[in-house]
Amino acid sequence: MTTFLTQNDKDKKQFVDLISKVSTSIAKTFIDDKAYGGPTPDELKRIIHQTTILPEHGLGFDEVFKMTEEKILPNLLRTSSTDYMAHLHGPSLIETIASELIISTFNQSMDSWDQSPVATEIEVEVINHLCSLYGYDKNADGVFTSGGSQSNQTAIILARDTFCSNNLNYDIKKYGVDEKCRKLRMYTSEISHFSMEKSAHILGLGYQSVVKVPVDSRKKMDINALNQLIQKDIEQGNIPFLIVATVGTTDFGSIDDIKILHEIAQKNQMWLHADAAYGSGVIMSQKYAKRVDGLALCDSITVDFHKMFLMPISCSAVLVKNGKNFEALTIHADYLNRTEDEEDGYTNLVDKSLQTTRRFDALKVWVAFQTRGKDGWSKLIDTCMDNAAYLYEILQKDSDFEVITKPEISSVVFRYCAVQNADDVNKKVRRKLIHEKGIVIGQTVSDSNVCLKFTLLNPLVTHQKLDELISMIKQLAFEVINEK
């Protein structure tokens, strides 16, 4: 078997044949609309167990792929199924799957221009268009990241370093975290993403620096509570430096009031970051885009393309209103990003990235945006959000269910509540759906109650499908209740 794809005709033929064989086999696994084949964790462990995965002599690709076809492909989660709606992890647009083949085959590394010439220029181009899409001007900049957690972490680093430089006259990049820095405080919804605490830990600020603000009945950050917490910290000698607006909470899809948070941030000379990992896709909707008005007011924005934008993992970006703030991440190395490169027009993207080696994920955005156009994207996003609105309405009318809050994006959190031990029933129903029906939905907790969750990112889901799933949940709940 050939080792690499080269200019050699034999190598090229083997590459084409291998990719064709694999893609044909993948397509054959899609025999029904089930999201999952059903095995339990113990069953999967038995199915995939090998005495060794490093034999004395190689088995050859054909033999290994035969095992892959038997043991792995049938048991992979099929995120393109309309029976999958558990998480912010959706199907992949077919043109972006094709893009992944290009990305993997050419294996560009996005840290320096000489490792990714045209890929670098494409990322710069895509970032410029994204900044414009979200309302930023020519002073803005951005970079692709591994996901929302890294985008959020990048924004928090820039917020911290910029604040310390401008407000405390302190170079944290050079001298590190001192006692005064440990008084820094950032404010975020109590149901915001856990990357806030993780980032605070990594940055040496500790969990104590993350002030979790209560939410109101719509699961949005409580503005009165925020103001009180900021004032309390000021009185105690702490230093408010950052507000994080969640634009689409992980469970509920709730959107914090960006415009009011901007006013509070301005008043207190704080950075405002929008964690729009989920809700960033709403900007593509002609019908619902107003729900994310105000993003341009934020100092930074997290955008995830492997959520509402329906692209393969991983694909995320962080956009910054003032691109000069990326200087906090720049450090020069003679072997990578030489200063003369910049003078001669060579862009080394490592200057603004936490990562060194990084994938050419911008290609997926470049391809998908042009393939679908504004009208195509609007239709995709509108359909998902319309489905959430429809599901909310039918659940509201059914006394067997309680809906936690009206959806703002495409997540609906609800619970079967027709019995006293509803928590146990909801848990068992979800397990039955996975292992007996091949249907994967989400589970979370709200006000100490176990809830079910539909995260509706698949535009192929129909109203009829939603009706059928709700009927099935009721039937399974009846079975659970009557089990001995």
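Begin by selecting N107, which lies in the loop between α4 (94–106) and α5 (117–133). The model is a predicted one. Is N107 buried or exposed? Its relative accessibility is 62%, so N107 counts as exposed. The backbone deserves attention here: phi of N107 is near 50 degrees, a positive value in a residue that is not glycine. Most residues other than glycine have a negative phi, and most peptide bonds are trans.

Next, select L310, in the loop between β7 and β8. L310 also is not a glycine and has a positive phi, of about 60 degrees. With a relative accessibility of 4%, L310 counts as buried because the cut-off for that class is under 20%.

Remain in this loop and move to S314, placed between β7 (300–304) and β8 (316–320). Which form does the peptide bond from I313 to S314 take, cis or trans? The bond is cis, with omega near 0 degrees.

Now select helix α12, residues 362–396. The helix has 35 residues, yet its end C-alpha atoms are only 41 Å apart, short of the 51 Å that a straight helix would reach at 1.5 Å a residue. Where does α12 bend? The bend is at G373 and amounts to about 95 degrees. G373 counts as partly exposed, since its relative accessibility is 23% and that class lies between 20% and 50%.

In soluble globular proteins, nonpolar side chains tend to be buried together. Select F144, L226, I243, L295, I301 and F305, which touch the most other members of the largest nonpolar core, a set of 64 residues. Helix α12 gives the most to this core, with 9 residues. For a second, separate core of 29 residues, select L184, M186, V318 and V320, which are among its members.

Finally, show the whole protein chain, with its 14 helices and 12 strands. Its C-alpha atoms fill a box of roughly 70 × 65 × 45 Å along the principal axes. With the surface displayed, the accessible area comes to about 23800 Å², of which 51% belongs to carbon and sulfur atoms.

Methods:
Residues are numbered from 1 along each chain as its sequence is written. This is a predicted model: local features need pLDDT of at least 70, side-chain atom pairs count only at pLDDT 80 or more; totals for chains, interfaces and linings use all residues. Side-chain values use heavy atoms; hydrogens and water are left out. Helices (H or I, at least four residues) and strands (E, at least two) are DSSP runs, numbered from the N terminus. The expected span of a helix is 1.5 Å times one less than its number of residues. The bend at a residue is the angle between axes fitted to the seven residues ending there and the seven starting there. Accessible areas come from the Shrake-Rupley method with a 1.4 Å probe; for residues, only the protein chains shown count as cover. A nonpolar core is a set of buried Ala, Val, Leu, Ile, Met, Phe, Trp, Tyr and Cys residues joined through side-chain atoms within 4.5 Å. Buried means under 20% relative accessible area, exposed over 50%, partly exposed in between (1.4 Å probe, protein chains only).
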